[in-house]
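Open the structure in your viewer and keep the selection tool at hand. The stops below go from aromatic rings to the nonpolar cores.

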Amino acid sequence: MSGNHPYRRAGAVIVAGTVVWFVGISPVSRVYITPDDAERLRMLTSGRRGWIVGQHLTAVGTVAVPVGFAAFARAVPGKDAVPDINSPRGKAKKWAYAAAAALLAGAPFFVSSLTRRAADLEGFAYRRGSNAPFLAYSGLHVVALAALGGSLLSLPTKRWIGVTAAISAPVYGAILVAKKDIPPFCFYLVEGLTGAYLMAWEETETDKA
């Protein structure tokens, strides 16, 4: 890794975006597990200001995390550094870009959902509106985690971090198919962990060979 520490910088953006995302969902957090619609509306109305600010912060985190993974994809050595692009290191860059593309494609779907949540408290409380944007966002996250696992397993990282990302994809995908829903924080736990790993990862010259 160069003296500019591209992996570390990418990891810092991912971690910062993840932290902002979790801060954003914190206000009126009990609304997500409250089954009664009228009580959900009461909670949202009581905490209106924090809820609206939180949705905007969550949107920032939703956009920042894919940007961090795009930076990670750029940092992975490409064909100029890896003569055989079909080698594990060459494949790592392809997988990394696939993960970043899926996350970038999914972000607008969730941001649109967050915008509706902030503007229409009653609609969110009573679960009105199409769930299609959230399902698209979640499905693309599953694709991104699978690709991220492929990238990390093709790099000289510790195997556990790649396995964690790779295994989470079918597990979360199965939950999404079965329940037509999934707590999105599950995605950010894996992605934030990956960002933290990248911040601490010191790639040696032996690893690069």
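Select Trp21, Phe22, Phe110, Phe134, Tyr137, Tyr172, Phe187 and Tyr188: together they make up one aromatic cluster. Rings of Phe, Tyr and Trp (its six-membered ring) pair if their centres lie within 6.5 Å; planes under 30 degrees apart are called stacked, over 60 edge-to-face, and the rest tilted. This is a predicted model, in which local features need pLDDT of at least 70 and side-chain atom pairs count only at pLDDT 80 or more, while totals for chains, interfaces and linings use all residues. Residues are numbered from 1 along each chain as its sequence is written, and side-chain values use heavy atoms, without hydrogens and water.

Next, keep Phe110 and Tyr137. Their rings are stacked, 4.2 Å centre to centre with 10 degrees between the planes. Phe110 belongs to helix 4 and Tyr137 to helix 6, 27 residues apart (helices are DSSP runs of H or I, at least four residues, numbered from the N terminus). Both residues are buried, meaning under 20% relative accessible area with a 1.4 Å probe, protein chains only; exposed is over 50%, and partly exposed is in between.

Now select Phe69. Leaving aside neighbours within four places in sequence, Phe69 is in contact (heavy atoms within 4.5 Å) with Ile14, Ala100, Leu103, Leu148, Glu191 and Thr194.

Finally, show the largest nonpolar core, which has 44 residues; Phe69, Phe72, Leu148 and Tyr172 have the most contacts inside it. Such a core is a set of buried Ala, Val, Leu, Ile, Met, Phe, Trp, Tyr and Cys residues joined through side-chain atoms within 4.5 Å.

Key. Helices (H or I, at least four residues) and strands (E, at least two) are DSSP runs, numbered from the N terminus.
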